[in-house]
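I wanted to get my bearings in a structure I had not opened before. These are my notes, in the order I looked things up.

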Amino acid sequence: PPLPWCCRSVRSWRAAGGRLGPLSLPLSRRAPLSAPLPAAPPARLRSGQAEAAGGDGAMLRHLARKLRASGPVTVAEYMREALTNPGQGYYTRRGGVGESGDFITSPEISQVFGELIGIWYISEWMAMGKPSTFQLVELGPGRGTLTEDILRVFKQLTSVLSKCDVSVHLVEVSPKLSEIQAVMLTGGKVQPNPEDESAYMKGISKTGIPIFWYRDIQDVPPGYSFYLAHEFFDALPIHKFQRTEKGWREVLVDIDPEVPDQLRFVLSPSRTPATQNFIQPEETRDHVEVCPEAGVIVQRLASRIEKDGGAALVADYGHDGTKTDTFRGFRNHKLHDVLSAPGTADLTADVDFSYLRKMAQGKTATLGPIKQREFLKNMGIDLRLQVLLQNSGDTATREQLLRSYDMLMNPEKMGDCFNFFALLPHHRLVHPDKKDKPESKSPLPPVAGFNELLLK
Ligand code: SAH
């Protein structure tokens, strides 16, 4: 079947400055991995001609050398190299979010998206007793658009946040994207490698808030924090497993000995450490994708929230432990063969929210996944749209507002396949003394987005 609208192949109305560009539909879905895969050769691979590839073939040459030296690699290792290799990785060099890039995301489609997320954080900050300071920590901020929209809301609600000390902390591996973020958020006035900081760059937002950049969540200082991960977890490396007559085997990437310069999938000849660690005995699917790095990051977020307070909001396309082969590539808003020209295309896989929930290990409560259209509706997107429509003078702007609303909300576009998921301290959902004195306190305010927003 053709891919649904929710994939990264839609063009941005926002980036088009209000003009409605054509929508490019993906051509066809990559063939699923249902056909039997060859077994990986036990010994070293023979030399291919990948070395001869030029220009964008640098990553392929690098991988071919590696594969020849030490045999096939896991899909996770391939994905990590292709996306974040410090010299040639896709995000390192291109990082193509946006109209002129390879894929488009909700914050790039409409400012309303980021505004409602900004309101979510303020609503949770109020529900948690208005702590005197908080860090907004975004993982994989892309062009910085989402943070920009959130900071605009914080600015508009200065009277509410006035006594609160807010700072922004961006976790970004791509030097290229961090530069774009710096221009977007600070006008480019940043200080690289500040002394006495774990950050690799710092600056001040146009609205006067300090911003810091890190490569890893572990470098972000501890403290009361609101975390945000929008289309971040889907970019992290996955392992792929196939059920065979001989049991579970891991899908690996190697060089095709028949076709020069071409990579192919093979199956591990026996079980790998990953098949042992990541496949549950009760698994019923025949093909499974697992993202251990996502698990590690969620564990870290949950530990930090348990210790220092705050909340995490994760938004991504994904499923609850039901889907099988979702690994795909995007280049220039079209589907792209994941094994072709690595480093030149975005690679992504659906997020398994059931796995994230498990990896929170009960340190925090979890909410969701809830569909994007329900979350945004609960956050008051209809009201916001009405206000913007009333305030916009011309027909073209009104049409643009309605179309971007449709893109975010329509179940056949982004409304159904994008999900929101949250980590919250247990005491946010259940009174700590509820067991002893069930009637002693007024009920806790519901968590916005996951319930209807109560505007007081
Ligand atoms: N959140 C943005 C961008 C999504 S693209 C949006 O929705 O528009 C994925 C982002 O994650 C990019 O900024 C990419 O450079 C970053 N990224 C990918 N892998 C990463 C990693 N391991 N650590 C930190 N950032 C990473």
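I started with Lys 130, which sits in the loop between α5 and β2 (133-139). Helices here are DSSP runs of H or I with at least four residues, strands are runs of E with at least two, and both are numbered from the N terminus. I looked up the phi of Lys 130 and got a value near 50°, positive in a residue other than glycine. I noted that most residues other than glycine have a negative phi, and most peptide bonds are trans.

Gly 368 and Pro 369 are joined by a cis one, with omega about 5°. I found Pro 369 in strand β17 (residues 365-371).

A note on sources: this is a predicted model, where local features need pLDDT of at least 70 and side-chain atom pairs count only at pLDDT 80 or more, while totals for chains, interfaces and linings use all residues. Residues are numbered from 1 along each chain as its sequence is written, and side-chain values use heavy atoms, with hydrogens and water left out.

Next, the helices. How do α5 and α6 cross? The axes of α5 (residues 111-127) and α6 (residues 145-156) come within 8 Å, at roughly 55°. I call α5 oblique to α6 because of that; oblique is what remains after under 35 degrees (roughly parallel), over 145 (roughly antiparallel) and 65 to 115 (roughly perpendicular). Axes are lines fitted to C-alpha atoms over the stretch in contact, with angles from 0 to 180 degrees between N-to-C directions.

I then checked α5 against α13 (residues 381-391): their axes come within 11 Å and cross at roughly 130°. α5 and α13 are therefore oblique to each other.
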